[in-house]
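My plan was to go from the overall fold down to single residues.

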Amino acid sequence: MALVKQFGIGLPIAGVAMTAIPAFVSLFVAWKVMRLPAPLTLGAITGQQCSTPGVTAVQQAAGNATPLMAYTIVYAFSNVALPLLGPVVVAMAHAMGS
């Protein structure tokens with residue numbers, strides 16, 4: 001709560017936007033542009049978010065392991081890209097704040 005008091009309601013809104021916007025863009029690109037089937041699309045998005053509970057839910061809804069085909073490669077890429085890009089984002093935020 002201290003951070004919300006310090007930075008206002010924009011902080012949680014920015015957090016939700018940082019999670020939701022890439023997921024919605026990925027959903028649109030995979031579903032409409034690439035025309036992937038729903039299980040693969042949702043598996044890839046849960047991999048992008050590094051969400052094991054998410055892929056479990058998608059897998060249960062699909063009734064098979066099809067979402068795992070898209071999840072595994074995107075999850076591996078995210079686990080490499082996220083730690084590498086984290087310092088870049090912090091540096092950019094620091095530069096914008098200076």
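I took helices (H or I, at least four residues) and strands (E, at least two) as DSSP runs, numbered from the N terminus. This is a predicted model, so I kept its rules in view: local features need pLDDT of at least 70, side-chain atom pairs count only at pLDDT 80 or more, and totals for chains, interfaces and linings use all residues. Residues are numbered from 1 along each chain as its sequence is written, and side-chain values use heavy atoms, with hydrogens and water left out.

**Entry 1: overall fold**

I read the pattern along the sequence as α-α-α-α-α. The tally is 5 helices and 0 strands. Next I looked up the radius of gyration, which is taken over C-alpha atoms; the globule rule is 2.2 Å times the number of residues to the power 0.38. The protein comes to 16 Å, well over the 13 Å that the rule gives for 98 residues, so it is more spread out than a compact globule. Along the principal axes, the C-alpha atoms fill a box of roughly 50 × 25 × 25 Å.

I then checked burial. Buried means under 20% relative accessible area, exposed over 50%, and partly exposed in between (1.4 Å probe, protein chains only). Of the 98 residues, 17% count as buried. For surface I used accessible areas from the Shrake-Rupley method with a 1.4 Å probe; for residues, only the protein chains shown count as cover. The accessible surface is about 7000 Å², and 77% of that belongs to carbon and sulfur atoms.

Contact here means heavy atoms within 4.5 Å. I looked at contacts between residues at least 6 apart in sequence: 46% of them join residues at least 24 apart.

I compared helix spans with the expected value, which is 1.5 Å times one less than the number of residues. Helix H2 (residues 10-33) has 24 residues. Its first and last C-alpha atoms are 32 Å apart, close to the 34 Å expected. Arginine 35 follows H2 and sits in the loop between H2 and H3. I noted its positive phi of about 55°, although it is not a glycine. Arginine 35 counts as exposed, at 68% relative accessibility.

Threonine 41 lies in helix H3 (residues 38-48). It is buried, with a relative accessible area of 1%.

Threonine 46 is also in helix H3. It counts as buried at 11% relative accessibility. With residues up to four places away left out, threonine 46 touches Ser51, Gly54, Val55, Val58 and Tyr71.

Glutamine 49 is in the loop between H3 and H4 and counts as partly exposed at 31%. Leaving aside neighbours within four places in sequence, its contacts are Thr19 and Ala23. I also looked up glutamine 49 against asparagine 79: they are 30 residues apart in sequence and 9.6 Å apart in space, C-alpha to C-alpha.

Cysteine 50 has its place in the loop between H3 and H4. Its phi is near 55°, a positive value in a residue other than glycine. Cysteine 50 is partly exposed, with a relative accessible area of 25%.

**Entry 2: H5**

Helix H5 (residues 66-97) has 32 residues. It reaches 44 Å from its first C-alpha to its last, close to the 46 Å expected.

Where is the kink in H5? I found it at leucine 85, shortly before proline 87, at about 30°. The bend at a residue is the angle between axes fitted to the seven residues ending there and the seven starting there.

The buried residues of H5 are Pro67, Ala70, Tyr71, Ser78 and Ala81. They pack against H3 and helix H4 (52-62).

**Entry 3: ring pair**

Rings of Phe, Tyr and Trp (its six-membered ring) pair if their centres lie within 6.5 Å; planes under 30 degrees apart count as stacked, over 60 as edge-to-face and the rest as tilted. By this rule I count 1 aromatic pair. The rings of tyrosine 71 and tyrosine 75 have centres 5.2 Å apart and planes at 20°, so the pair is stacked. Both lie in helix H5, 4 residues apart, about one turn of the helix. Tyrosine 71 counts as buried at 7% relative accessibility, whereas tyrosine 75 is partly exposed at 29%.
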